Each structure stands twice: as C-alpha cells, then as structure tokens.
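This report describes the fold of a single protein, beginning with the pairing of its strands and ending with the packing of its helices.

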Amino acid sequence: MGTTSINGYSIELISLLKACNNAFNGKYKVTHAIWPYIHNPKTVGMLADVVDQINIMSYGYSFSTLEYLIKQYNDNGFPYEKMMVGIETERGTDTQELIIEKLDLVKKYNLGGIFEWRLDNDGIRIENGTKYGPPTFKTTKILYEAL
C-alpha cells in the first residue's frame with residue numbers, strides 16, 4: 001500500500017466493513033470511529049452504506065468546529081442520523097459548556113446521539129503522572145446534569 005493514512009486504504013476499509021456486515025448477517029451492528037482531520041470527508045462519505053453509525057472522536061472540539069465537520073461528512077454522503085458525537089472522559093477536556101454544545105448539535109441535526117469514551121478512566125486522579133483510585137465519573141455527572 002505504501003501509506004499509513006486511513007484515506008490511502010479506504011477501498012480496503014470499505015471491503016473489510018462490508019465483509020463484517022455480511023458475516024454478522026444483521027446480528028451485530030457495525031460502527032467505525034472517525035478521527036477528525038485524519039479521516040477526510042470523502043472517506044467518511046464512503047462509509048454511509050456499510051456502517052450502522054460512526055463515532056466521531058470529537059473530544060474538546062468547539063460547537064463551530066464540530067458543526068463544520070459533520071456538515072462536511074454529510075455533504076459527502078454520510079447521513080446525520082448515523083453520526084454519534086464523542087464525549088471525552090479521560091483527560092476532562094469536555095467541559096459542561098462543550099457537552100451542552102454537543103447535545104445542541106445532536107438536536108439541531110438529528111444526529112444519532114452521543115457516546116462517552118472510557119468510563120473506566122472517568123475522573124481518575126493523576127498525581128506525578130500516575131493514575132490511582134477508582135473512577136469518580138466526573139464527566140458522566142456533567143452529562144447527566146446537562147441532560
């Protein structure tokens with residue numbers, strides 16, 4: 001292949017996801033995580049007929065940036081209702097304001113919803129670079145309050 005960019009092997013990715021859909025025979029859903037600015041909108045558009053949803057790794061992105069991205073994906077053929085917007089829990093980059101903005105985008109564009117990443121690390125304390133203690137679910141609580 002000669003490339004490490006996902007856009008360089010989009011045909012192979014589509015073939016793999018189609019094979020998964022065929023093998024699962026409707027028993028399981030197929031999703032794909034989208035890394036903004038790594039996956040180009042054309043690649044995302046190619047996924048429209050082969051995945052049940054995409055999970056956009058939109059951690060820390062502002063309303064305007066995320067709106068721009070989802071419009072680009074939709075302009076390239078990916079339906080809004082199959083897009084999920086990610087909320088980050090590991091580093092705490094998604095503030096209450098950002099979470100509310102993401103929920104507003106879900107409503108405005110009738111997105112498929114939101115997903116919260118890494119509940120096992122949600123609010124774990126870090127001291128001197130070492131994680132310790134159980135999760136406090138800090139971001140989950142913010143999400144709950146925003147809903």
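## The parallel sheet

In strand 4, Gly 113 is the bridge partner of Met 84. Another bridge partner in strand 4 is Glu 116, which pairs with Ile 87. Strand 3 and strand 4 run parallel and are joined by five bridges. Helices (H or I, at least four residues) and strands (E, at least two) are DSSP runs, numbered from the N terminus, and two strands pair if DSSP finds at least two bridges between them.

The model is predicted: local features need pLDDT of at least 70, side-chain atom pairs count only at pLDDT 80 or more, and totals for chains, interfaces and linings use all residues. Residues are numbered from 1 along each chain as its sequence is written, and side-chain values use heavy atoms, with hydrogens and water left out.

Met 84 of strand 3 also stands opposite Asn 55. Strand 2 and strand 3 pair in the parallel sense, and His 32 has Ile 54 of strand 2 as its bridge partner. The strand pairs are listed below.

| Strand pair | Sense | Bridges |
|---|---|---|
| Strand 1 (residues 31-34) and strand 2 (residues 53-56) | parallel | four bridges |
| Strand 2 and strand 3 (residues 83-88) | parallel | three bridges |
| Strand 3 and strand 4 | parallel | five bridges |

Together, four strands form an open sheet in the order 1-2-3-4, with parallel pairing. Strand 1 and strand 4 (113-117) are the edge strands, each pairing on one side only. From one strand to the next, the twist averages 30°; here axes are lines fitted to C-alpha atoms, for helices over the stretch in contact, and angles run from 0 to 180 degrees between N-to-C directions.

From strand 1 the chain crosses through helix 2 (residues 41-46) to strand 2 in a right-handed β-α-β crossover. A crossover is right-handed if, with the strands pointing away from the viewer, the path from the first strand over the helix to the second runs clockwise. A right-handed β-α-β unit is also made by strand 2, helix 3 (residues 63-75) and strand 3. Strand 3, helix 4 and strand 4 likewise make a right-handed β-α-β unit.

## Helix packing

The axes of helix 3 and helix 4 come within 10 Å and cross at roughly 35°. This crossing is right-handed, a term for the near helix being turned clockwise from the far one by less than a right angle, with anticlockwise counting as left-handed. On helix 3 the contact (heavy atoms within 4.5 Å) involves Phe 63, Leu 66, Glu 67, Ile 70 and Lys 71, and on helix 4 it involves Glu 101, Lys 102, Asp 104, Leu 105, Lys 108 and Tyr 109. By class, five of these residues are nonpolar, none is polar and six are charged. Ala, Val, Leu, Ile, Met, Phe, Trp, Tyr, Cys and Pro count as nonpolar, Asp, Glu, Lys and Arg as charged, and the others, Gly among them, as polar.

Helix 4 (residues 96-109) and helix 5 (residues 138-146) have axes that come within 10 Å and cross at roughly 50°. Helix 4 is therefore oblique to helix 5; angles under 35 degrees count as roughly parallel, over 145 as roughly antiparallel, 65 to 115 as roughly perpendicular and the rest as oblique. Helix 4 passes helix 5 in a right-handed crossing. Gln 96, Ile 99, Ile 100 and Leu 103 of helix 4 meet Thr 139, Ile 142, Leu 143 and Ala 146 of helix 5. This contact has six nonpolar, two polar and no charged residues.

## Overall composition

The protein has five helices and six strands, in the sequence pattern α-β-α-β-α-β-α-β-β-β-α.
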